[in-house]
Amino acid sequence: MATNSSNGEHRTTTTTTQATKPPPLPSPLRFSKFFQPNMRILVTGGAGFIGSHLVDRLMQNEKNEVVVADNFFTGSKDNLRKWIGHPRFELIRHDVTEQLFIEVDQIYHLACPASPIFYKYNPVKTIKTNVIGTLNMLGLAKRVGARILLTSTSEVYGDPLVHPQPESYWGNVNPIGVRSCYDEGKRVAETLMFDYHRQHGIEIRIARIFNTYGPRMNIDDGRVVSNFIAQALRGEPLTVQVPGTQTRSFCYVSDMVDGLIRLMEGENTGPINLGNPGEFTMIELAETVKELINPSVEIKMVENTPDDPRQRKPDITKAKELLGWEPKIKLRDGLPLMEEDFRLRLGVAKKN
Ligand SMILES: NC(=O)c1ccc[n+]([C@@H]2O[C@H](COP(=O)([O-])OP(=O)(O)OC[C@H]3O[C@@H](n4cnc5c(N)ncnc54)[C@H](O)[C@@H]3O)[C@@H](O)[C@H]2O)c1
Ligand SMILES: O=c1ccn([C@@H]2O[C@H](COP(=O)(O)OP(=O)(O)O[C@H]3OC[C@@H](O)[C@H](O)[C@H]3O)[C@@H](O)[C@H]2O)c(=O)[nH]1
């Protein structure tokens with residue numbers, strides 16, 4: 001340290017770089033227990049839509065122990081019903097804006113509301129979840145030497161001026177808009193991931209997820225696929241927000257989980273786009289849902305919300321080359337699988 005007080009100011013300059021401390025060894029007791037997992041995995045946000053499907057897949061490996069930390073803001077214990085009480089599974093009611101002290105080998109950090117309605121509900125909390133939550137999970141990763149994967153988002157590209165979006169595109173985001181608690185929050189989360197990687201040698205992985213859909217989405221989640229399916233089953237008009245020509249690319253959840261696990265297990269930090277490159281306007285989506293689920297339903301144009309991105313489609317060249325991953329399930333095949341789940345939950349039987 002050097003102190004300069006020649007002009008009355010006290011400036012401190014650090015001249016030494018801090019050496020990275022190796023993580024502590026796991027507790028010796030860990031290896032004296034009857035069951036020895038190969039891997040103890042933390043899934044934050046594991047009670048949510050993507051998180052609970054990820055947990056299902058991770059639990060299939062009998063050498064994994066899975067710990068879920070969730071504050072149940074948009075997630076539910078119901079999504080994890082089949083694992084509660086299982087000896088390799090633990091569920092903790094925990095808010096990631098608070099520190100968490102546990103011993104794990106990998107962290108899938110998903111905790112964050114994802115539907116615009118929910119992330120805009122309490123924007124200050126959303127940005128805290130993204131920034132403080134990610135900081136806390138990186139602190140945990142540093143303390144125990146765990147590898148950490150962040151589920152970032154296509155929203156980091158904002159209202160993109162490059163189409164389709166490659167990972168090298170820096171985006172077009174409104175930093176003071178109503179979506180910024182989420183998209184700027186995720187951008188800071190990505191920055192934190194890379195700074196911990198460069199400064200502390202933490203093993204990081206970043207997935208930029210594009211719109212994902214499937215069973216277990218909240219019925220009143222507010223996102224477009226769940227809205228249209230619920231509306232079609234209830235016989236209500238499908239609400240297309242104007243202009244209706246805005247596009248999205250929809251990935252079925254099992255493909256997404258496959259991509260996330262490949263990214264975690266592979267050698268690349270990312271960011272890597274994970275999404276289905278099939279691109280649809282919202283009018284096309286409404287027409288497809290109408291045709292497949294309820295041809296008698298009406299399509300109604302309604303008001304939109306500010307800063308809605310006009311187009312979105314992932315360039316998945318990197319995912320193909322680096323992870324050997326590409327989605328298998330087309331929209332027309334995925335929608336009926338989600339319809340089945342929504343019918344059961346809404347109690348609407350299929351007419352023959
Ligand atoms: N589904 C998509 O289309 C999509 C697209 C891009 C990115 N993502 C990202 O993937 C992740 C999962 O999304 P999802 O669709 O499953 O959403 P979701 O809302 O179903 O799940 C989010 C989970 O995080 C929990 N959570 C929220 N805030 C928390 C907090 N402060 N502490 C602890 N838990 C908290 C919720 O209760 C919920 O269980 C999110 O990080 C989201 O940003 C999703
Ligand atoms: O009822 C509806 C709901 C939505 N929409 C439109 O559908 C499009 C998609 O909206 P959604 O609410 O499903 O989601 P968005 O694409 O805006 O954001 C999504 O993508 C990126 C993720 O990070 C977010 O978590 C996710 O919500 C928007 O253009 C919206 O205007 C409708 O036309 N009708």
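Trainee: Starting with H5, is that helix largely enclosed or open, and why?
Mentor: In this model, which is a predicted one, helix H5 is largely enclosed by the rest of the structure, because 10 of its 11 residues are buried.

Trainee: Which residues of H5 are the buried ones?
Mentor: The buried residues of H5 are Val224, Val225, Ser226, Asn227, Phe228, Ile229, Ala230, Gln231, Ala232 and Leu233.

Trainee: Which residue follows H5?
Mentor: Gly235 follows the helix, and the phi of Gly235 is positive, near 75 degrees.

Trainee: You mentioned H7 and H9, so how do those two helices pack?
Mentor: Two packed helices are described by the angle between their axes and the distance between the axes. For H7 (residues 282-293) and H9 the angle is about 60 degrees and the axes are 11 Å apart, and the two helices are therefore oblique to each other. The crossing in which H7 passes H9 is right-handed.

Trainee: Which residues meet there?
Mentor: From H7 there are Thr288, Val289, Leu292 and Ile293, and these meet Leu331, Arg332, Leu335, Pro336 and Glu339 in H9. Sorted by class, the contact of H7 with H9 has 6 nonpolar residues, 1 polar residue and 2 charged residues.

Trainee: Switching to H1 and H6, at what angle do their axes cross?
Mentor: The axes of H1 and helix H6 (residues 253-265) cross at roughly 65 degrees and come within 10 Å, which makes H1 roughly perpendicular to H6. The crossing of H1 and H6 is right-handed.

Trainee: What makes that contact?
Mentor: On the H1 side the contact is made by Ile50, His53, Leu54 and Arg57, while H6 brings Val253, Ser254, Met256, Val257, Leu260 and Ile261. The residues of this contact between H1 and H6 divide into 7 nonpolar, 2 polar and 1 charged.

Trainee: Now the ligands. How many residues are around ligand 1, and which come nearest?
Mentor: There are 28 residues around ligand 1, and of these Gly45, Gly48, Thr74, Gly75 and Ala114 come nearest. At least two residues of the shell are supplied by each of helix H1 (49-59), helix H3 (123-144) and strand E7 (147-153), and H1 gives the most, with 3 residues.

Trainee: How does that shell around ligand 1 divide by class?
Mentor: The shell around ligand 1 has 12 nonpolar, 14 polar and 2 charged residues.

Trainee: And which residues are closest to ligand 2?
Mentor: Ligand 2 is surrounded by 18 residues, the closest being Ala114, Thr153, Arg223, Val224 and Gln241. Helix H5 (224-234) and strand E10 (238-241) each supply at least two residues of that shell, and E10 gives the most to the shell around ligand 2, with 3 residues. By class, the shell around ligand 2 divides into 5 nonpolar, 9 polar and 4 charged residues.

Trainee: Last one, Lys351: buried or exposed, and why?
Mentor: Lys351 is exposed, because 5 other C-beta atoms lie within 10 Å, and a residue counts as exposed when that number is 12 or fewer.

Trainee: Where is Lys351 in the chain?
Mentor: Lys351 has its place in the segment after helix H9 (331-346). Lys351 and Pro23 are 328 residues apart along the chain, and their C-alpha atoms are separated by 59 Å.

Terms used
Residues numbered from 1 in each chain as written. Chains lettered and ligands numbered in written order. Predicted model: local features only at pLDDT ≥ 70, side-chain atom pairs only at ≥ 80, totals over all residues. Helix = DSSP H or I, 4+ residues; strand = E, 2+ residues; numbered from the N terminus. Buried ≥ 20, exposed ≤ 12 C-beta atoms within 10 Å, placed from the backbone. Near = placed C-beta within 6 Å. Nonpolar A, V, L, I, M, F, W, Y, C, P; charged D, E, K, R; others polar. Axes fitted to C-alpha atoms, helices over the stretch in contact; angles between N-to-C directions. Parallel < 35°, antiparallel > 145°, perpendicular 65-115°, else oblique. Left-handed = near helix turned anticlockwise from the far one by under 90°. Contact = placed C-beta atoms within 7 Å.
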